[in-house]
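Student: I would like to learn how to read a two-chain model, starting from single residues and ending with the interface. Could you take me through it one feature at a time?

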Amino acid sequence: MAEAAGEVRLIGAWPSPYVLRPRVALNLKGVEYEFLEVTFGEKSELLLRSNPVYKKIPVLLHHDKPVCESMIIVEYVDGAWANSGHAILPADPYERALHRFWAVYIDDKWFPSMVGIGKAETEEAKAESAEQARAGLKLLEEAFEKLSKGKAFFGGDTIGYVDIALGAHLGWAKVIEQMTGLKLFDEEKTPLLAVWAERFCNHEAAKEVMPETEKLMEYAKIRLGK
Amino acid sequence: MAETKELVLLNCWVSPYGMRCRIALAEKRVEYEHKEENVMEKSPLLLQSNPVHKKIPVLVHGGKPVCESLVIVQYVDEAWPDRAPLLPVDAYGRAQARFWADFVDKKIFECGTKLWKLKKEAQGEAKKEFTEGLKLLEDELGEKKYFGGDAFGFVDIALVPLMAWFRTYESFGSFSAETEAPKLVAWGKRCMERESVAMSLPDPAKVYELVCYIRKAFGLE
């Protein structure tokens with residue numbers, strides 16, 4: 001059922017990978033929404049009211065009811081628009097458990113190693129974090145093989161839950177690669193993921209919302225005061 | 001059909017994460033084999049079933065492992081959909097339930113672990129986050145019987161293992177649960193009246209005893 005764009009609003013900021021996730025999900029479902037852009041770090045009254053617990057973006061407002069936490073929003077979008085587009089989570093309970101497991105892994109274990117690369121103060125520390133990030137990608141490569149079953153995405157023929165969880169980080173991953181000269185999504189070490197990454201970035205649901213690397217680099221320089 | 005496949009839960013009696021899984025399986029009245037793991041000497045089955053984290057709990061269903069306690073609870077809910085629903089039917093209700101269960105993970109159990117693992121001086125932010133977390137949960141519970149309303153559900157399952165650990169957190173965090181969170185204490189007692197909870201939670205005194213032992217053994221005193 002088509003809804004007026006005002007019924008669905010997303011509070012977010014363009015550089016945030018967490019904000020990217022619900023945007024891809026809404027695009028996959030063909031849902032029109034109003035993007036309420038905030039400057040990163042700015043806490044509007046609406047944001048504070050809608051997410052009093054964490055005061056963070058993204059927040060989805062559906063008929064003014066807030067949903068918070070990026071992957072929870074993605075799952076909500078999948079459920080609320082179950083009859084539109086493709087399913088984001090698979091139907092089978094075991095497959096769903098695998099997707100949820102890897103999304104948790106990406107956020108709790110893999111992403112911190114990426115942050116570690118950015119925050120590293122010595123070359124040694126940088127190299128160590130990069131090794132951890134690459135080791136994580138090797139696990140994700142195996143997960144891709146298992147979940148995709150030879151198809152294009154973790155979700156099979158179409159973008160699914162883990163695709164969104166990991167794909168959202170590709171913009172910043174490219175920035176880290178460029179800034180450090182380190183290769184993360186390596187065609188030799190993780191060939192399936194290297195191909196998947198390009199495919200995800202070019203997918204119509206992700207293309208227009210993925211931030212351009214140059215724009216992110218500029219933004220990073222401003223934020224890091226370099 | 002789900003029931004005909006073999007079901008094993010790899011667990012450790014003291015783990016709040018394992019308790020969640022036991023409660024969920026008991027609510028669904030599902031038979032399973034409980035395998036107590038020695039976390040100092042992990043079994044080959046555990047290492048094989050959770051190669052990424054090598055941690056309990058793991059639910060192995062027909063040889064296929066499910067890891068991460070909240071993922072397991074959702075799996076149990078979806079694999080046995082015909083009885084005792086653990087999550088609300090509507091998408092918004094489910095989103096709220098998942099939000100609060102995730103909150104419990106971050107603000108209660110992660111912070112709580114810092115209370116007993118770190119010396120008082122190092123506890124720092126953890127105690128503040130923990131007690132603030134308790135207050136937010138009390139606000140969320142309000143006057144409801146359970147977090148799920150009249151029906152015991154996902155958030156209740158996520159949080160109730162706290163009842164086995166409260167005594168330990170109180171002692172090492174230097175606070176009183178009755179004072180900080182009287183509504184949660186009352187809610188906990190209501191939950192303990194459920195068979196699924198009573199049979200899945202260990203004696204808080206035994207948890208406290210074990211933590212004291214671990215602290216001595218690892219020189220945390």
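Tutor: We begin with contact, which means heavy atoms within 4.5 Å. Please keep in mind throughout that this is a predicted model. With that cut-off, and leaving aside neighbours within four places in sequence, Trp110(A) is in contact with Tyr105(A), Ala133(A), Gly136(A), Leu137(A), Leu140(A), Leu166(A), His169(A) and Phe185(A).

Student: Which residues have the most contacts inside the largest nonpolar core?

Tutor: The general idea is that in soluble globular proteins, nonpolar side chains tend to be buried together. Here the largest nonpolar core has 147 residues, and those with the most contacts inside it are Val24(A), Trp110(A), Phe185(A), Trp196(A), Phe130(B), Leu162(B) and Trp187(B). The element that gives the most to this core is α4(B), with 14 residues.

Student: How should I read a helix such as α7 of chain A, and which of its residues are buried?

Tutor: Begin with the list of buried residues, which for α7 (residues 170-180) of chain A are Leu170(A), Gly171(A), Ala173(A), Val175(A), Ile176(A) and Glu177(A). Then ask what they pack against, which in this case is α4, α6 (161-167), α8 (191-202) and α10 (213-224) of chain A. Just after α7(A) comes Gly181(A), with a positive phi of about 75°.

Student: Is Ser69(B) buried or partly exposed, and what is Asp107(A) by that reading, buried or partly exposed?

Tutor: Ser69(B) counts as buried because its relative accessibility is 7%, and the cut-off for buried is under 20%. Ser69(B) is found in helix α3 of chain B, and its contacts, neighbours within four places in sequence left aside, are Tyr17(B), Arg20(B), Cys21(B) and Pro57(B). Asp107(A), by contrast, has a relative accessible area of 23% and is therefore partly exposed. Asp107(A) has its place in helix α4 (residues 93-119) of chain A, and one of its contacts is Met71(A), which is 36 residues away in sequence although the C-alpha atoms are 9.8 Å apart.

Student: Which backbone angles deserve a second look?

Tutor: Most residues other than glycine have a negative phi, and most peptide bonds are trans. In this model a cis peptide bond joins Ile57(A) and Pro58(A), with omega about 0°, and Pro58(A) has its place in the loop between α2 (45-50) and β3 (59-62) of chain A. In chain B the peptide bond from Ile56(B) to Pro57(B) is cis, with omega near 0°. As for phi, His63(A) is not a glycine, yet its value is positive, about 50°, and Glu68(B), likewise a residue other than glycine, has a phi near 80°. Glu68(B) lies in the loop between β4 and α3 of chain B.

Student: Finally, how many residues of each chain are in contact across the interface?

Tutor: There are 26 residues of chain B in contact with 23 residues of chain A. The size of an interface is often given as the accessible area lost when the parts come together. Between chain B and chain A the buried area is about 2,200 Å², with carbon and sulfur atoms giving 72%. The count of salt bridges between the chains is four, and among them is the one that Arg100(A) forms with Glu78(B), whose closest N and O atoms are 3.1 Å apart. On the side of chain B that touches chain A, the largest share, twelve residues, comes from α4(B), and by class that side has 14 nonpolar, four polar and eight charged residues.

Notes
Residues are numbered from 1 along each chain as its sequence is written. Chains are lettered from A and ligands numbered from 1 in the order in which they are written. This is a predicted model: local features need pLDDT of at least 70, side-chain atom pairs count only at pLDDT 80 or more; totals for chains, interfaces and linings use all residues. Side-chain values use heavy atoms; hydrogens and water are left out. Buried area is the accessible area (1.4 Å probe) that two parts lose on being put together, summed over both. A salt bridge is a side-chain nitrogen of Lys or Arg within 4 Å of a carboxyl oxygen of Asp or Glu. Helices (H or I, at least four residues) and strands (E, at least two) are DSSP runs, numbered from the N terminus. Ala, Val, Leu, Ile, Met, Phe, Trp, Tyr, Cys and Pro count as nonpolar, Asp, Glu, Lys and Arg as charged, and the others, Gly among them, as polar. Buried means under 20% relative accessible area, exposed over 50%, partly exposed in between (1.4 Å probe, protein chains only). A nonpolar core is a set of buried Ala, Val, Leu, Ile, Met, Phe, Trp, Tyr and Cys residues joined through side-chain atoms within 4.5 Å.
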